[in-house]
Structures are given as structure tokens and as C-alpha cells.
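Student: I have a protein model open and would like to learn how to read it. Could you help me go through it step by step?

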Amino acid sequence: MSGAMSWPFLRLYILVLLYFSANAILNVIIPLQGEFLGASSTTIGLIMGAYMFTTMFFRPWAGKIIQKHGPIKILRLILIINGFALVLYTFTGLGGYLLARILQGVSTAFFSMALQIGIIDALPEKDRSQGISYYSLFSYIPGIVGPVLALGIWQAGGMDYFTVVLIGIAICTGVFGYTAKIEKNKDQPEGNAPDQSVSMWESFGQLVKNSHLFRCSVLMLSASIVFGAVTTFIPLYASQIPNGNAGIYLMLQAGTVVLARIVLRKRIPSDGRWHAPFIMGTMFLLALAALCVSLSASGGILLFYVGAILMGIAQAILYPTLTTYLSFVLPQLNRNVLIGLFIATADLGISLGGVIMGPLADVFSYSMMYMICAILGAVMIVFAYERRNAITGTSVS
């Protein structure tokens with residue numbers, strides 16, 4: 001396998017697109033259905049946050065298990081669990097949604113790790129950033145159409161359509177996933193088991209001890225809190241903005257992510273060096289996006305939709321940049337587990353975006369909650385700058 005856009009990799013990206021299509025619909029339907037059933041923002045945040053919290057919890061173990069057994073075997077088992085979770089949404093209420101979110105979280109922990117580890121191991125070093133960027137790009141493509149489709153289903157009052165769509169996604173993902181193949185790049189070092197000598201708890205300690213991992217994890221955690229707050233509460237906040245439309249916002253954000261990934265894919269660093277101005281600029285965009293969303297309650301829909309575009313650009317850049325950087329600088333001995341821990345911080349952030357920001361929205365307002373997100377993003381600009389000279393980013397094997 002060679003080249004991030006060769007056919008074997010395209011098959012993996014299409015699988016990613018199918019897998020995350022359900023989330024693009026559920027991210028809109030669950031908050032709306034929760035509000036319809038009388039749930040508070042706190043309750044809705046807990047249900048939405050359960051997905052990523054579970055993903056975060058299982059992510060490090062997913063990296064270790066996948067390194068031992070290989071991505072394909074794990075992938076096929078996970079697709080069955082994911083299919084069951086999607087079917088569960090179609091005939092249960094809020095309690096069933098919580099269980100389904102937990103099952104989906106387990107599935108996503110292993111699915112995304114299997115695909116990303118497979119891509120990293122199969123691609124030459126010079127193509128890693130493009131491979132990770134394309135993976136992330138295809139995970140966001142469903143967000144262009146999904147929210148509009150979900151709003152259409154909701155406004156039509158046709159939950160029967162919701163059932164048909166989710167079951168269809170479950171079947172298509174399972175069938176396509178069982179035909180996927182991932183081959184190891186011949187230039188990668190042989191042997192799957194070297195990290196068995198490194199305990200999981202020792203790997204957890206690296207979150208603090210390894211300065212590369214610590215810095216990237218703090219940045220990703222903070223940014224993901226903002227992303228999570230947007231995903232969870234924009235479907236409810238949009239109704240407070242004159243002529244605001246959650247479907248258009250989410251479509252703009254996802255469309256910007258996709259376009260930015262295509263346009264900027266070769267500009268994302270893939271050299272194992274820390275590019276402080278690049279990351280600081282990305283965090284500035286994130287803070288500005290949250291500020292625009294916050295002020296849109298009084299400033300109008302123009303600020304609302306500008307915020308969506310800026311948020312999409314930041315989202316497009318940050319994750320593949322940090323993931324690619326870590327793939328170079330983390331020790332080969334337990335790289336997969338440590339990358340799993342890093343991605344877990346992203347999951348935790350998205351979960352906290354619902355769990356923490358929901359109560360803040362209940363106490364203050366959605367506008368004030370997004371202002372807090374903007375302040376958090378601004379703090380991370382300073383954090384990225386302060387640490388830049390401490391880390392030079394060299395490949396460790």
C-alpha cells in the first residue's frame with residue numbers, strides 16, 4: 001500500500017464516512033428529542049457526553065489490544081456492536097439512548113484506533129499527515145448533509161424514517177467494513193508485541209511525564225470542550241438567534257472542515273517538529289469562533305455563521321497536526337497506546353463540552369457558556385507559546 005489516496009486507503013475512508021454518518025444525525029435528533037421529552041440541558045449534556053466519555057475510557061486499551069491482535073480482527077467485532085447500538089436508538093427512550101451512547105462509545109474507541117493505527121502503520125512517514133487528515137476529513141463529510149437530514153426527519157415528525165435510516169447505515173457499515181483490508185508498510189519495523197513490556201499504568205504516567213504528550217493533550221482537551229459544546233447545544237441555541245438554523249450552522253462547519261482538509265492537507269506539518277505559530281494561530285481561530293457564536297444572540301445570524309466557518313477551519317487543522325506530530329516524537333515502544341491516550345483526551349473534552357457546559361448553560365445562558373469557551377481558547381494560545389522552546393520534536397524509535 002502506498003500513497004494516502006490509493007484505492008485501499010480510499011476504501012478505509014469510505015468506511016469512516018459510513019460509520020460516522022449515524023452520528024451526524026444523532027447529534028441533532030437526541031437534543032431535540034430530549035427537549036421534547038422535557039429533559040434539561042444538564043440531562044441532555046449527560047446523554048450526549050456519555051458517548052465520548054466511554055470512548056475516552058476505552059481508547060488506551062483499544063490501542064494496546066489492536067497492536068496485539070491487529071486492526072482488522074478488532075474492526076469486524078466492533079462493527080457488530082455498533083450495529084446493535086444503532087438499532088437500539090430506534091425503539092427506546094432517553095434511558096435507551098444513554099445505553100446506546102455507551103455502546104457506541106465502546107465501538108468508536110476501537111473503530112477509530114483500528115483505522116488510525118492501520119493508516120499510520122501502512123503509510124510512509126511523508127504521507128502520514130495526509131492519511132490522518134483524510135481520515136478525519138471523511139469523518140466530517142457526513143456532517144454536511146446529516147444535520148439537514150435530521151432536521152427534515154424531525155420537522156416531518158417521521159421517526160419511522162429515522163428508524164429506516166439508522167438500520168440502513170448499520171447494515172451498510174457492517175457489510176463494507178467486513179471487506180476492508182489494511183496491510184503494514186514494509187518500511188515499518190517488524191513485531192507487534194514490543195509494548196507488552198510497558199504496563200498500561202506506566203503509559204498513563206506518560207501523560208504528565210512526556211512533555212510532548214502533555215502539551216498536545218492539554219491543547220486537544222481544551223479545544224474539544226469547545227467542539228463538544230457546539231455539537232451538543234447548537235441545535236437548542238439556534239432557536240434563540242433570529243432566523244438562526246442549526247442545520248445550516250452544522251452544515252457550514254462540517255463543510256468548512258472538509259474543504260479546509262482538502263485545501264490545507266499538504267500544509268499540515270509532517271516533519272516531527274513543533275510549529276508554535278501554526279498551533280497558536282489555530283487556537284486563535286477557535287477562540288474567535290466561540291466568541292462569534294456567543295455574540296450572535298445579540299449580533300445576529302451573520303456572526304453565528306461566521307463562527308461556524310472559523311470553528312470548521314480550527315477543527316480541520318488541529319487534530320491531524322497534533323496526531324501527526326505525536327506519531328514522530330513518541331517512543332516506538334508504546335506509541336500506539338500513547339496515541340490512544342492522546343485521542344482519549346479529545347474524547348474527554350467533547351464529553352465535558354456537554355457534561356460541564358450544560359449546567360453552565362442552565363445557570364447562565366448559552367451565550368455566556370460560549371463566551372467561557374472563547375476565554376478557554378484564548379488561554380490555550382498562551383499555553384502553546386510558553387511551551388514552544390521546551391520541545392524540539394525529534395523522532396524517537
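This is a predicted model: local features need pLDDT of at least 70, side-chain atom pairs count only at pLDDT 80 or more; totals for chains, interfaces and linings use all residues.

Student: Let's start with helix α3. How many residues does helix α3 have, and what distance does it reach from its first C-alpha to its last?

Tutor: Count the residues, then compare the reach with the expected value. Helix α3 covers residues 71-89, which is 19 residues, and reaches 27 Å, close to the 27 Å expected at 1.5 Å a residue.

Student: Now I234. Is I234 buried or exposed?

Tutor: For this we use relative accessible area, and buried means under 20%. I234 has a value of 0%, so it is buried. I234 sits in helix α9, residues 211-237.

Student: Which residues does I234 touch, leaving out those up to four places away in sequence?

Tutor: I234 touches A229, A246, Y249, L250, V293, F304 and Y370. Sequence and space can also be compared: I234 and P31 are 203 residues apart in sequence, and their C-alpha atoms are 9.3 Å apart in space.

Student: And the surface? Which residues make the nonpolar surface patch of about 460 Å²?

Tutor: That patch is made by V87, F91, I167, I171 and V175. Helix α7, residues 159-177, gives the most to the patch, with three residues.

Student: Why is I171 called exposed?

Tutor: Here the cut-off is over 50%. I171, in helix α7, is exposed because its relative accessible area is 53%.

Notes:
Residues are numbered from 1 along each chain as its sequence is written. Side-chain values use heavy atoms; hydrogens and water are left out. Helices (H or I, at least four residues) and strands (E, at least two) are DSSP runs, numbered from the N terminus. Buried means under 20% relative accessible area, exposed over 50%, partly exposed in between (1.4 Å probe, protein chains only). Contact means heavy atoms within 4.5 Å. The expected span of a helix is 1.5 Å times one less than its number of residues. Patches are made of residues with over 30% relative accessible area and no salt bridge: like charges are joined within 9 Å, nonpolar side chains (Val, Leu, Ile, Met, Phe, Trp, Tyr) within 5 Å. Accessible areas come from the Shrake-Rupley method with a 1.4 Å probe; for residues, only the protein chains shown count as cover. A salt bridge is a side-chain nitrogen of Lys or Arg within 4 Å of a carboxyl oxygen of Asp or Glu.
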